[in-house]
Amino acid sequence: MEYTRINKGVCSRSTKVVIEDGIVKDVEVIGGCSGNLKGIVELLKGMKAEDAAARMKGIRCGFKTTSCPDQIAIALEEALAK
């Protein structure tokens, strides 16, 4: 399943996740810190989506109440709920 979410409260604009049988197959984040996000995406591939979301949920970026990893976690949770 492919799911796209518009991000809120961060520099990146959107997150697209691809999940098959509960496993993260791909993540694409538009905008944000390119190098850091490319690294995060590579680490997520092959992980259980549930576990990936749990690890990133609640991470903050500086003074913001969220972060790009937190937004990825939210996208994964929303995709799993569908």
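In the predicted model, residue D21 is placed in the loop that lies between β2 and β3. The phi angle of D21 is near 55°, a positive value in a residue other than glycine. Most residues other than glycine have a negative phi. D21 has a relative accessibility of 82% and therefore counts as exposed, the cut-off for that class being over 50%. A positive phi, of about 90°, is also taken by G46, which is located just after α1.

Within α1 (34–44), the buried residues are L37, V41 and L44. Because these residues cover an arc of only 65° around the axis, they are put on the same side of α1. The packing partners of the buried residues of α1 are β3, α2 and α3. On the face of α1 that is turned away from this buried side, the exposed residues are G35, N36, K38 and L43.

Two packed helices are described by the angle between their axes and the distance between the axes. For helix α2 (residues 49–56) and helix α3 (residues 68–81), the axes come within 8 Å and cross at roughly 145°, and the crossing in which α2 passes α3 is left-handed. On the α2 side the contact is made by A49, E50, A52, A53 and M56, while α3 contributes P69, D70, I72, A73, L76, E77 and L80. Classified by residue type, the contact of α2 with α3 comprises nine nonpolar and three charged residues, with no polar residues.

Residue M56 of α2 takes part in this contact, and, when its neighbours within four places in sequence are left aside, M56 is in contact with I40, L44, P69, D70, I72, A73 and L76.

In soluble globular proteins, nonpolar side chains tend to be buried together. The largest nonpolar core of the model has 21 residues, of which V17, V27, L44, M56, I72 and L76 touch the most other members. Two or more residues are given to this core by each of the elements β2 (14–20), β3 (23–30), α1 (34–44), α2 and α3, and the largest share, six residues, comes from α3.

Technical notes. Residues numbered from 1 in each chain as written. Predicted model: local features only at pLDDT ≥ 70, side-chain atom pairs only at ≥ 80, totals over all residues. Heavy atoms only, no water. Axes fitted to C-alpha atoms, helices over the stretch in contact; angles between N-to-C directions. Helix = DSSP H or I, 4+ residues; strand = E, 2+ residues; numbered from the N terminus. Left-handed = near helix turned anticlockwise from the far one by under 90°. Contact = heavy atoms within 4.5 Å. Nonpolar A, V, L, I, M, F, W, Y, C, P; charged D, E, K, R; others polar. Core = buried A, V, L, I, M, F, W, Y, C linked by side-chain atoms within 4.5 Å. Buried < 20%, exposed > 50% of the residue type's maximum accessible area, 1.4 Å probe, protein only. Arc of directions from axis to C-beta.
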